[in-house]
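We will go stop by stop.

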Amino acid sequence: MDGDPRVSALQWEVAKEASASPKTWAELARATAAVAAADPVERANAVTLVYERAVRAFASSYKLWMAYIRYRQQETSRLCRPNEWFQSVREVYERALAELPKMPMLWVGYMEFVAASVVPRVTMARHVLARALAELPATQHHLMWKVAKRWCAMPVVPSATVQAVWRLYLSFQRSLHAKREYFQVLAQKGDFNVFLQECVHLGLPDTSNKGAVDERDLLLGDVSFWETVQTALQGKGWRFTGDIDSLRHLIDLGKSRCPSPVELSMAFAVFLYGQGHMREGRRELRRLLDEAPEAQTLTTLYHLAVEVEDQLVESFAVDPNLKQLDDAAYNGVVHHLFGDGDPLSHLERLVREFPLLLNQAQLRNSPHNATLWLKRVELVQEDTYAGRSTFDDLVALYRQAIQQCTAGMSRVEGAAAQLFSSYAQTLIHGGKLDSAILVLSEGTWCVPFTSAALNVQLLGLLVEAQLMSSSSPLSVRDALAERLTSGARCGGSKRGRNGLLQSSAALPHVMHHPHAWIMWCDLCAAYDAVNAAAWRHLVEALTSSSAFSAEAACYVAHKAFVCRQESMAVMMLERAVAATRQQPTAHLFVLEQYLSFLHVRDGRKVPLHQFREVFSLVQQVTPVAIRTAPAAVIDLHVSCAYMEAVIGLYGTAVRMMQEISLVAIAALRGRDEHLRVLEAILEHSITFTEQRRGYDSVRTYCGALVQRLQHALLLQRVALHWAAIEKRSGNTAQAHLILDACGDSQDPSTEHGEVYWRLWESLCASVEEFEKVARRRQQAAIRFGKRGSTKGSV
């Protein structure tokens, strides 16, 4: 080493104390380290000697100490055993800090050196950190904390040390970011026990300290904090040594602050099971099942509960150590795991109650859905039959369901009517007939269902229930009659104490529904059929009521006739005829029923004047009604024609049949949707004329039809009928003449035209006639072909 000229020069320079400086010593050390040497140990000793002399000469030189430490760390680690090297470097650090205790980077380097040791030196690192914080001013503590936080994140550092260091750090730095870093370190180390204890410690501070409360609120509002808590709760294979009640308090606070309270509660329930608190875990899961906000969440909770209970039962069944226990110890284990002593009871209860819980979750989202309430009623009924619920529970459920589905509704869905009906039947089976009548009465008269037919359906049940409870059916009829005829007084009736609805005002559209009055009629027919005064009261009340309809009037007339009250039936029909004059379709229906009544009552002896009077009314309404109900009008005229024929007035009957045919042709011209109806009446009228008046009348009728008809198909039917009659009469030439006259309207390319020409050819008896028909067919085909091409070009 001494032979190197540069080293010699530097040694001479440092020997002169007046001119020596830390820079010169540092340069000498570097030059000494750069000299080639056969023995690295010898060179290291030489360099070390230079640094030792330098730091003795300039003990307060920060750069010399740092250079010396750097050299010892980088160049000497391979020259001795690790522990000896570590202790030597540590000694240099200690000497440097003794001379320069206020230099922060020395402390930082020392802390990093100790933390990077191959052999964990936790206590030494903690002492170095404590000494540095004590020596350095507070403005430089952040340099040490950076290293300390990295050191705490190392796997070799125990959780207790991490907890002590971070608590010290958080006593100075209380920001949310610092707490988040702390929790992240604990979570990454997998020590969920300490993590949750620290969550409780920082999340539940002293409420008397306003600043601490504000910091707690800031922490509890952090989404990532609750995500980490949830992950810790779901962890397996660790034991929580903290206070469960404090943790539960923290979780309760989190339910109102975390993004998913249900998932947090689920994780806490799993945590309770995992920590051996079976009863508390079941209680938490049960609460979640009862409060599930929607069906999907409930299904997830249900699967979790079943899985947990299934694992408990399975582990209990296969554990060989249980066989070695005595009865008392065995029963203690069973009681701890399952509570009531039956390992399968909780699973059975979950399976049994799942439909009810699912229905409950669905009702939370749709509280006014009557179909869901009906399903719940069905489930509770099953529990009632099995002895798990009482009759009073079922009644209370019905009342709750009806109030939910009807309160404040301007229109109540139809399924709610089934609620009233089912509730009433349940009350009847339970022996509470009066309560059933009250329920049906409110549902019938006061609930605005989407269709009044539902109210009438409930009215039928109401009448049946009243007949069951009343000793006099006539009183039931009179009460219904009073309700229908005095709606204003009944609408203000006082509401019953046990009523379901807020108001008992009867709905006008229900009281004015025709079927409600038909119910009155049925009661008269069933229990007071021979009382003419009662029938007259019904007829007069219905006629003057806004509930009057053609259907109701005809029904009452029919019932009166069946009950041998013919005069009342006639009165009802005549008043119905007068009341429906401005309603063509209804008027037509009443007239048809009137004719049916006359036919059933008198048969062949129908009074001719009555029949003609009714038929004249039919003729008056025909021009208007045939446009809306052509089939019904034609059918009625045909029936009248047959009635005339039954009497023996064939001429009048044929005239009726032909007149309705001509009216239908004129009224329905150009409406192809009624073509089949016109075709049927034409063929029927021709056949009817032939049967009643002979061929001459048919010829005259067909001639009139040919002049009026414009549709090719209808004209074909008339021409073929007429030609067939002429052929049967031996007038083949006349038949050819008829078909020739109508041939211009028949297109051979159409289906009906093909039939026309083929039948005309079948009439030919000679080659000359056949050729004539063929020429006419060809001419017609050419003519219709030209028409088609002309339309296509246009």
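How many residues does helix 22 have, and how far does helix 22 reach from its first C-alpha to its last? Select residues 415-429 to find out. Helix 22 has 15 residues and reaches 21 Å, close to the 21 Å expected at 1.5 Å a residue. Keep in mind that this is a predicted model.

**Stop 1: around helix 22**

Stay on helix 22 and show its side chains. Of its 15 residues, 11 are buried, so helix 22 is largely enclosed by the rest of the structure. Among the buried ones are Ala415, Ala416, Ala417, Leu419 and Phe420. Tyr423, Thr426 and Leu427 are buried too.

Now bring up the partners. Select helix 20 (370-386) and helix 21 (391-406), then helix 23 (433-446) and helix 24 (452-469). The buried residues of helix 22 pack against these helices.

**Stop 2: the annotated span**

Select residues 42-173. An unreviewed UniProt entry lists them as "domain: Pre-mRNA-splicing factor Syf1-like N-terminal HAT-repeats". The span is 76% helix and 0% strand. Its end C-alpha atoms lie 50 Å apart.

Pick Leu170 next. Leu170 lies in helix 9 (residues 159-172). Is Leu170 buried or exposed? Leu170 has a relative accessible area of 6%. That is under the 20% cut-off, so Leu170 counts as buried. Leaving aside neighbours within four places in sequence, Leu170 is in contact with Ala178, Lys179, Tyr182 and Leu202. Now draw a distance from Leu170 to Asp747, C-alpha to C-alpha. The two are 577 residues apart in sequence and 103 Å apart in space.

**Stop 3: Lys189**

Move to helix 10 (residues 176-189), where you will find Lys189. At 22% relative accessibility, Lys189 counts as partly exposed. Draw another C-alpha distance, this time to Ala153. Lys189 and Ala153 are 36 residues apart in sequence and 7.3 Å apart in space. Which residues does Lys189 contact, leaving aside neighbours within four places in sequence? They are Cys152, Met154, Pro155, Val157, Ser159 and Val162.

**Stop 4**

Select Arg564, in the loop between helix 30 and helix 31. Arg564 is not a glycine, although it has a positive phi of about 65°. Arg564 is exposed, with a relative accessible area of 76%.

Go on to helix 32 (residues 584-602). Helix 32 has 19 residues and reaches 27 Å, close to the 27 Å expected at 1.5 Å a residue. Its buried residues include His587, Leu591, Tyr594 and Phe597. What covers them? The cover for the buried residues includes helix 30 (550-562), helix 31 (566-579), helix 33 (608-628) and helix 34 (630-647). Just after helix 32, Gly603 takes a positive phi of about 60°.

**Stop 5: a helix pair**

Two packed helices are described by the angle between their axes and the distance between the axes. Select helix 36 (residues 675-693) and helix 37 (residues 695-708). They pack at an angle of about 150°, with their axes 7 Å apart. Helix 36 and helix 37 are therefore roughly antiparallel to each other. On helix 36, the contact includes Leu682, Ile686 and Arg693. On helix 37, it includes Tyr695, Tyr701 and Leu705. Color the contact residues by type: they divide into seven nonpolar, three polar and two charged.

Technical notes
Residues are numbered from 1 along each chain as its sequence is written. This is a predicted model: local features need pLDDT of at least 70, side-chain atom pairs count only at pLDDT 80 or more; totals for chains, interfaces and linings use all residues. Side-chain values use heavy atoms; hydrogens and water are left out. Helices (H or I, at least four residues) and strands (E, at least two) are DSSP runs, numbered from the N terminus. The expected span of a helix is 1.5 Å times one less than its number of residues. Buried means under 20% relative accessible area, exposed over 50%, partly exposed in between (1.4 Å probe, protein chains only). Contact means heavy atoms within 4.5 Å. Axes are lines fitted to C-alpha atoms, for helices over the stretch in contact, and angles run from 0 to 180 degrees between N-to-C directions. Angles under 35 degrees count as roughly parallel, over 145 as roughly antiparallel, 65 to 115 as roughly perpendicular and the rest as oblique. Ala, Val, Leu, Ile, Met, Phe, Trp, Tyr, Cys and Pro count as nonpolar, Asp, Glu, Lys and Arg as charged, and the others, Gly among them, as polar. UniProt positions are given in the numbering used here, feature names are shortened, and annotations may be inferred rather than shown by experiment.
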